[in-house]
Amino acid sequence: MVGASCLSVSLLLTPVVVSLGRRKSPRLLAILGGLVCALGCLFTSFASQLHQLHFSCGVVLGAGLGLTRSTATLMVGQYFKKRRELVEIFILCGTGTGTAVMPLLMAHAIR
């Protein structure tokens, strides 16, 4: 449930971040997102109860991931005019591959 809340907060913030990124600098939002992600990871490492984990990982980390992912898509649109579709395919394939491979790597690391 914590992972689902992280993803839902991330996707919920996407329209707001995209509208801010078009008006302001997407680089600034990406840096802010990286800092929020780092704070979310730090807060999650100190969480000892379930509600703390939901807030730190679900809300804070989700907000940081939403900021970074949305601004990355905006920056791809700025830098790759001709081959934007191909670059976005690689970005989405990397996300899907990471989602599929990470549980296997984590299970192997825990063993």
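A residue is called buried when its relative accessible area is under 20%, exposed when it is over 50%, and partly exposed in between, using a 1.4 Å probe and protein chains only. By this rule G34, at 34% relative accessibility, counts as partly exposed.

The structure is a predicted model, in which local features need pLDDT of at least 70 and side-chain atom pairs count only at pLDDT 80 or more, while totals for chains, interfaces and linings use all residues. Residues are numbered from 1 along each chain as its sequence is written, and side-chain values use heavy atoms, with hydrogens and water left out.

## Overall architecture

The protein contains five helices and zero strands, and its pattern along the sequence reads α-α-α-α-α. Helices (H or I, at least four residues) and strands (E, at least two) are DSSP runs, numbered from the N terminus. Along the principal axes, the C-alpha atoms fill a box of roughly 45 × 30 × 20 Å. Of the 111 residues, 26% are buried. A contact means heavy atoms within 4.5 Å. Among contacts between residues at least 6 apart in sequence, 70% join residues at least 24 apart.

G34 has its place in helix α3, which covers residues 26–45.

## Helix α1 and residue S10

The buried residues of α1 are V2, S5, C6, V9 and S10. Seen down the axis of α1, these residues fall within an arc of 135°, so they line one face of the helix. The arc is that of the directions from the helix axis to the C-beta atoms. An α-helix has 3.6 residues a turn, so residues three or four places apart point the same way. The buried residues of α1 pack against α2 (14–23) and α4.

S10 lies in α1 and counts as buried because its relative accessibility is 1%. Leaving aside neighbours within four places in sequence, S10 is in contact with G62, L65, G66 and R69. The side chains of S10 and R69 are also joined by a polar contact of 2.9 Å. A polar contact is a pair of N or O atoms within 3.5 Å; within protein, one must be able to donate a hydrogen and the other to accept it, and residues adjacent in sequence count only if both atoms are side-chain atoms.

## Two residues of helix α4

S56 lies in helix α4, which spans residues 50–79. This serine is buried, with a relative accessible area of 2%. Its side chain makes a polar contact of 3.2 Å with the side chain of T44. Not counting residues up to four places away in sequence, S56 touches G40, F43, T44, A47 and L61.

Q78 also lies in α4, but is partly exposed, with a relative accessible area of 39%. With residues up to four places away in sequence not counted, Q78 touches P26 and R27.

## Pockets

Rolling a probe the size of a water molecule over the atoms shows where empty space is left. On a 1 Å grid over the protein atoms alone, a pocket is an open set of points where a 1.4 Å probe fits, with protein on both sides within 12 Å along at least five of seven lines; lining residues have an atom within 4 Å of a point. Grid points are joined across faces, edges and corners, and a volume is the space filled by probe spheres set on the points.

| Pocket | Volume | Lining residues |
|---|---|---|
| Largest | About 440 Å³ | G3, C6, L7, S10, L65, T68, R69, T95 and T99 |

For the largest pocket, α1 (2–12), α4 and α5 (84–110) each supply at least two lining residues. The most come from α1, with four residues. By class, this lining has three nonpolar, five polar and one charged residues. Here Ala, Val, Leu, Ile, Met, Phe, Trp, Tyr, Cys and Pro count as nonpolar, Asp, Glu, Lys and Arg as charged, and the others, Gly among them, as polar.

In the second largest pocket, the elements that give two or more lining residues are α4 and α5. The largest share, four residues, comes from α5. The lining of the second largest pocket has three nonpolar, two polar and two charged residues.
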